Amino acid sequence: MELSIFEIMKHAGLTGKLIMLILLVFSVLSWSIVIMKFLAFRKARNASLDFLDAFWESKTLHEAYEAAREYPLSPEAAVFVAGYNELKKISAARSSGQVPATLEMQLATMDNLKRAVRKAQFLESDRMSSSISVLATTGSATPFIGLFGTVWGIMASFQSIGERGSASLAVVAPGISEALVATAAGLAVAIPAVIFFNYFSNKVAGIDSNVESFSTDFINLIERDILTRT
């Protein structure tokens, strides 16, 4: 008799079909996230490269700001926009006389800039790592869901033995086959999810490092500008 996975699942019990349906949902969800994150990281990388080129070629911060607005998918651009907006608020406060134009007070206002930049970094890190936790959940949960299907299939086999009073292959094969398919399905869903979770986690760590480096250069640039003007 030809053994077909589809035939096995066709003749599986309600519990077995429900388990396979749950695994299918996890699989579709995780692969959708994998494709989505691949596209998101590629777009973010290309946007960041273009923005950094434009940033270092800009002669003024306003020119760099106009360039940053053209690359909303770039984490570095988002951090720069947040920092630039904070600088505008500081400049407005100085113009109104609320902040004395002394070196100490000017350097003190840098704390506000650093906090704004740090907040933008956290927001961009959260944005880039969004949905990745679903892959971790898939990788940790689906093997146990498959294991539950395995146990259930073995229980069905023993029940068939008890009902028919025979331990022949024809009696135990359906339950054992259903159990093995559930195990294989659980692993087939979990393994790619774990692999891509680690891959995307490393990608996020790399982006965080690049954004941190850019933020440091940006803040140093502003501090040097304040010192030269004072």
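Trainee: Which helix holds T183?
Mentor: This is a predicted model: local features need pLDDT of at least 70, side-chain atom pairs count only at pLDDT 80 or more, and totals for chains, interfaces and linings use all residues. Residues are numbered from 1 along each chain as its sequence is written, and side-chain values use heavy atoms, leaving out hydrogens and water. Helices (H or I, at least four residues) and strands (E, at least two) are DSSP runs, numbered from the N terminus. T183 falls within residues 169-229, which form helix 8.

Trainee: How many helices and strands does the protein chain have?
Mentor: Read along the sequence, the pattern is α-α-α-α-α-α-α-α. The count for the protein chain is eight helices and zero strands.

Trainee: What share of the protein chain is buried?
Mentor: Buried means under 20% relative accessible area, exposed over 50%, and partly exposed in between (1.4 Å probe, protein chains only). The protein chain has 230 residues, and the buried share is 37%.

Trainee: How much of the accessible surface belongs to carbon and sulfur atoms?
Mentor: Accessible areas come from the Shrake-Rupley method with a 1.4 Å probe; for residues, only the protein chains shown count as cover. The surface of the protein chain comes to about 13,700 Å². The part belonging to carbon and sulfur atoms is 64%.

Trainee: What percentage of the contacts between residues at least 6 apart join residues at least 24 apart?
Mentor: Contact means heavy atoms within 4.5 Å. Take the contacts in the protein chain between residues at least 6 apart in sequence. Those joining residues at least 24 apart make up 79%.

Trainee: Back to T183. Which residues does T183 contact?
Mentor: T183 is partly exposed, at 29% relative accessible area. T183 and G146 are 37 residues apart in sequence, yet 4.6 Å apart in space, C-alpha to C-alpha. Leaving aside neighbours within four places in sequence, the contacts of T183 are G146 and T150.

Trainee: How far does helix 6 reach?
Mentor: Helix 6 covers residues 110-129, which is 20 residues. The expected span of a helix is 1.5 Å times one less than its number of residues. From first C-alpha to last, helix 6 is close to the expected 28 Å, reaching 28 Å.

Trainee: E124 is in helix 6. Which residues does E124 touch?
Mentor: E124 is one of the buried residues of helix 6, along with others including M110 and L113. Its relative accessibility is 12%. E124 and E76 are 48 residues apart in sequence and 8.7 Å apart in space, C-alpha to C-alpha. Not counting residues up to four places away in sequence, E124 touches S74, P75, A78 and V79.

Trainee: How are helix 2 and helix 6 oriented to each other?
Mentor: Axes are lines fitted to C-alpha atoms, for helices over the stretch in contact, and angles run from 0 to 180 degrees between N-to-C directions. The axes of helix 2 (residues 14-57) and helix 6 come within 10 Å and cross at roughly 140°. Angles under 35 degrees count as roughly parallel, over 145 as roughly antiparallel, 65 to 115 as roughly perpendicular and the rest as oblique. Helix 2 and helix 6 are therefore oblique.

Trainee: Which residues of helix 6 meet helix 2?
Mentor: Helix 2 brings K37, A40, F41 and A44. Helix 6 meets them with R127, M128 and S129.

Trainee: How do the residues of that contact divide by class?
Mentor: Ala, Val, Leu, Ile, Met, Phe, Trp, Tyr, Cys and Pro count as nonpolar, Asp, Glu, Lys and Arg as charged, and the others, Gly among them, as polar. The contact of helix 2 with helix 6 divides into four nonpolar, one polar and two charged.

Trainee: What is the phi of S131?
Mentor: S131 sits in the loop between helix 6 and helix 7 (132-164). S131 is partly exposed, at 29% relative accessibility. Most residues other than glycine have a negative phi. S131 is not glycine and its phi is positive, near 75°.

Trainee: Which residues does S30 contact?
Mentor: S30 belongs to helix 2. S30 is buried, at 4% relative accessible area. Leaving aside neighbours within four places in sequence, S30 contacts L135 and T138.
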